[in-house]
Amino acid sequence: METKLVRIAQIAKVKPKEVFTSLYHHLNEEMLTQAHQELKGDKAVGVDEITKANYAENLKENIHHLVEALKRHSYKPQPVRRVYIPKGKSQRRPLGIPSYEDKIVQLGLTKILQAIYEADFLSCSYGFRPKISGHNALKRLNDILIFGKTNYIVDTDIKSFFDSVDHKLLIEFIGLRIADPNIKRLIVRFLKAGVMEQGKYEPTLSGTPQGAIISPILANIYLHYVLDLWFSRVVKKYCKGEAYLIRYADDFVCCFQYQKDAVRFYQALRGRLAKFKLELAIDKTKIIEFGRLATENRKAKGLEKPETFSFLGFTHYCSQSRNGKFRVKRKTEAKKFKYKIIAFKEWIRKIRSFVPISDIFRQVRIKLLGHYAYYGITDNLRMIRSFYDIVIKLLFKWFNRRSQRRSFTYDKFKLYLKHNPLPLPRIYVSIFA
């Protein structure tokens with residue numbers, strides 16, 4: 001199966017105008033069995049309440065029936081189960097959890113789409129792509145700001161992007177590379193599958209559900225045509241100075257050498273997004289003076305340091321290295337830090353009374369290492385240390401509320417920590433590597 005996908009990728013790369021007419025047959029038993037094996041078994045279940053373990057009990061027969069349904073075109077995705085996760089102080093972000101069999105088909109379909117579009121996606125696109133991470137985007141942005149001639153940043157935000165993707169336009173974009181009607185029909189069925197919330201069905205007239213395996217690749221395809229190609233072929237063409245776009249899914253920043261170029265882009269962006277049924281969040285979009293020369297210019301005028309901007313969970317600010325040279329530094333965004341603490345507090349509060357302390361500590365280790373792995377980047381040691389310190393305080397607080405009697409004195413808690421140490425914060429990612 002991998003050989004077939006490699007062949008598709010090779011054709012897509014060598015023939016950038018090639019339109020693929022026969023792809024559906026790749027969704028065979030071999031492909032879907034492999035997709036099943038790659039799916040994680042501890043993920044939330046969809047409306048069918050079937051887990052990976054349940055499906056594996058009769059795997060061969062289940063996959064065979066699934067492939068036959070795909071061949072007959074009788075396969076219809078089930079509605080996604082809507083759940084919510086915290087977003088902001090009083091907001092919640094909706095997620096759509098597909099049924100297990102839908103996850104299998106979506107993963108197989110995603111593999112096919114990736115084989116084609118990895119050859120098309122531009123180097124400015126970083127989100128949800130193989131062997132490319134948010135750290136890669138941060139490193140590229142750092143290089144642009146340090147070694148380029150950036151003086152202005154356009155800090156942007158698309159309003160409810162995943163809920164706003166226009167289905168008809170998305171299929172038109174896909175049609176530029178894929179002419180197989182069966183593939184396009186299957187994508188439409190996933191887009192139109194609907195949502196189930198508290199036993200009530202809601203149709204989906206637009207958007208792609210966050211949480212679905214196929215959503216990231218569809219979002220990248222949409223913004224590839226709406227934003228990336230436009231910036232590369234049109235915006236940069238009319239800029240007098242340097243201009244750069246760094247995009248991770250729907251989160252992106254643009255760097256400009258000249259203010260006029262930044263203003264012209266900002267004015268054109270709103271109309272460009274509106275043309276494709278997207279809306280710019282005006283209250284979250286701004287032009288700021290930022291960079292090496294911007295810092296020097298403001299200092300000469302007696303002004304304060306340039307404003308900061310946030311990207312991928314980090315606040316970026318102008319600073320200096322130890323030898324006095326210009327540096328861009330980053331720290332955990334205050335809003336993200338606060339939400340991480342709130343989420344941890346809620347988690348420990350809920351499980352403290354019925355989960356053994358040893359198991360809680362095991363899970364805390366995993367959570368801390370996950371936090372360090374992402375936020376443990378050059379210049380951010382102080383913030384991840386603060387996260388560790390607050391986690392320790394919350395553990396002591398809530399362990400002492402397991403019953404009416406105090407479970408720990410602070411000395412006993414310190415002794416327990418000594419014998420059951422939690423991972424200390426350290427930098428895992430160098431911005432210069």
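Contact means that heavy atoms lie within 4.5 Å of each other. Helices (H or I, at least four residues) and strands (E, at least two) are DSSP runs, numbered from the N terminus. This is a predicted model, in which local features need pLDDT of at least 70 and side-chain atom pairs count only at pLDDT 80 or more, while totals for chains, interfaces and linings use all residues. Residues are numbered from 1 along each chain as its sequence is written, and side-chain values use heavy atoms, with hydrogens and water left out.

**Figure 1. Helices α15 and α16 pack against each other.** In α15, residues I392, L395, F396 and F399 meet Y410, F413 and L417 of α16. By class, this contact has 7 nonpolar residues, no polar and no charged ones (Ala, Val, Leu, Ile, Met, Phe, Trp, Tyr, Cys and Pro count as nonpolar, Asp, Glu, Lys and Arg as charged, and the others, Gly among them, as polar). Helix α15 covers residues 381–399 and α16 covers residues 410–419; the angle between them is about 120 degrees and their axes are 11 Å apart. Axes are lines fitted to C-alpha atoms, for helices over the stretch in contact, and angles run from 0 to 180 degrees between N-to-C directions. The two helices are therefore oblique to each other (under 35 degrees counts as roughly parallel, over 145 as roughly antiparallel, 65 to 115 as roughly perpendicular and the rest as oblique).

**Figure 2. An open sheet is formed by 4 strands.** The order is β6-β7-β3-β8, with antiparallel pairing; two strands pair if DSSP finds at least two bridges between them. At the edges are β6 (243–248) and β8 (286–289), each pairing on one side only. On average, neighbouring strands of this sheet are turned by 20 degrees against each other, direction ignored. Strand β3 (residues 152–155) pairs with strand β7 (residues 251–256) in the antiparallel sense over 4 bridges. The bridge partner of V154 is C254 in β7.

**Figure 3. Another open sheet is formed by 3 strands.** Their order is β9-β10-β11, and the pairing is antiparallel. The edge strands, each pairing on one side only, are β9 (309–311) and β11 (326–332). From one strand to the next, the twist averages 40 degrees. Strands β9 and β10 (residues 314–320) run antiparallel and are joined by 3 bridges. Opposite F311 stands F314 in β10.

**Figure 4. The chain is divided into domain 1 and domain 2.** Domain 1 takes in 1–122 + 167–203, and domain 2 takes in 334–419; these bounds come from an automatic or database domain assignment. The centres of domain 1 and domain 2, taken over C-alpha atoms, are separated by 37 Å.
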